[in-house]
Amino acid sequence: MGNSLLEVNNLDVSFKIGKKTYPALEDITFKINENTIVGVVGESGSGKSLTAQSILGILPTNTEVEGSIKLENDELINKSMKDWKKLRSNEVSLIFQEPMTSLNPLMKVGKQISEILKKHTNDSKEQRYKKTIKIMNEVGLKRSENLYHSYPHELSGGMRQRIVIAMAIINNPKLIIADEPTTALDVTIQAQILNLLKSIVKKRNGAMLFISHDWGVISQVCDYVLVMYAGQIVEQGLIENLLNNPQHPYTRGLIKAIPDFRKRGEALYSIPLRVPALTERNKGEWPYIKITKENAQCAAEIFPEITKEGTKE
Ligand SMILES: Nc1ncnc2c1ncn2[C@@H]1O[C@H](COP(=O)(O)OP(=O)(O)OP(=O)(O)O)[C@@H](O)[C@H]1O
Ligand SMILES: [Mg+2]
């Protein structure tokens, strides 16, 4: 593994809703080295996207942020809007789940890529065209000269996602953040896109934060994984260690819940707890489970902070 690129330390994000403040992320600490793909896995509402938004400086305005996010030793917290914007155009880029939302339906796809170069470089029109064709080839698009003139709706979902990826890497960002980038695609195309993302990171000596709720996807792509629950990282480590020897009972539960085709016909396991909504979280009372007779035992098994009697230590 290479040098450390991103270091997040004790990051807290809370939402101000009315007069109250609710903890959305707490004590988030991890780092991303060059040449590494770090996965973020967790159930819906666990804080995966907010972690990404914190690094991109695109958190909603009613949030309070504490802690530190350093990109190559440069502190990002409290940067001005202008600096964040610069950062997002040069150093950190985002790939979303649904390509249609990141593409302009009325503009030819090649032009959309070349517009990014127009904004951020002094390249001539011809240079921009050449670079655009090159990057379209690099993301595995065929007949790029023809494709350049297509509109997004004329392409398949997989091709659209390749265009979005081309847009995300054309400025050579140091860090790519991919938030559920293949959820909208069918399995074969998904595998192709995952392989592409992996090869881009390794070839360019880049780094990626890869968000997914799908362990299958995470295990195909990531070197290292953060497991989140209710705004906190419960466990992190190398993917093979987490899969073969998970330390936290919650991670074990998530892994047990991965569907296994060999157990066809058997009922699927799911953790009998749900991630509490933000407004159900009282700061300091993590893991924020409303303990009832029914869930006390399971909660105590999964979160050692909770005693068998259903009270918190
Ligand atoms: N703009 C917002 N205003 C209020 N609460 C928010 C906002 N954005 C996120 N939240 C809350 O913060 C928590 C974490 O949200 P986040 O979007 O990070 O979850 P996630 O892990 O990405 O989930 P999913 O798998 O559904 O995408 C959730 O409880 C969510 O409801
Ligand atoms: Mg999300």
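Which residues are around ligand 1? In this predicted model, the residues around ligand 1 are Phe 15, Glu 43, Ser 44, Gly 45, Ser 46, Gly 47, Lys 48, Ser 49, Leu 50, Pro 60, Leu 278 and Arg 281. Sorted by class, this shell holds 4 nonpolar, 5 polar and 3 charged residues, and helix α1, which runs over residues 48-56, gives the most to it, with 3 residues.

| Residue | Atom of the residue | Distance to an oxygen atom of ligand 1 |
|---|---|---|
| Ser 46 | backbone N or O atom | 3.3 Å |
| Lys 48 | side-chain N or O atom | 2.7 Å |
| Leu 50 | polar backbone atom | 2.9 Å |

Of the 640 Å² of accessible area that ligand 1 has on its own, the protein covers 66%.

A separate element to consider is helix α8, which is made up of the 17 residues 187-203. The buried residues of α8 are Gln 190, Ile 193, Leu 194, Leu 196, Leu 197, Ile 200 and Val 201. These residues cover an arc of only 160 degrees around the axis, and therefore they lie on the same side of α8. Thr 188 and Lys 203, by contrast, are exposed on the other side of the helix. Following α8 comes Asn 205, whose phi is positive, near 55 degrees.

Terms used
Residues are numbered from 1 along each chain as its sequence is written. Chains are lettered from A and ligands numbered from 1 in the order in which they are written. This is a predicted model: local features need pLDDT of at least 70, side-chain atom pairs count only at pLDDT 80 or more; totals for chains, interfaces and linings use all residues. Side-chain values use heavy atoms; hydrogens and water are left out. Helices (H or I, at least four residues) and strands (E, at least two) are DSSP runs, numbered from the N terminus. The expected span of a helix is 1.5 Å times one less than its number of residues. Buried means under 20% relative accessible area, exposed over 50%, partly exposed in between (1.4 Å probe, protein chains only). The arc is that of the directions from the helix axis to the C-beta atoms. A residue is near a molecule or strand if one of its heavy atoms lies within 4 Å of it. A polar contact is a pair of N or O atoms within 3.5 Å; within protein, one must be able to donate a hydrogen and the other to accept it, and residues adjacent in sequence count only if both atoms are side-chain atoms. Accessible areas come from the Shrake-Rupley method with a 1.4 Å probe; for residues, only the protein chains shown count as cover. Ala, Val, Leu, Ile, Met, Phe, Trp, Tyr, Cys and Pro count as nonpolar, Asp, Glu, Lys and Arg as charged, and the others, Gly among them, as polar.
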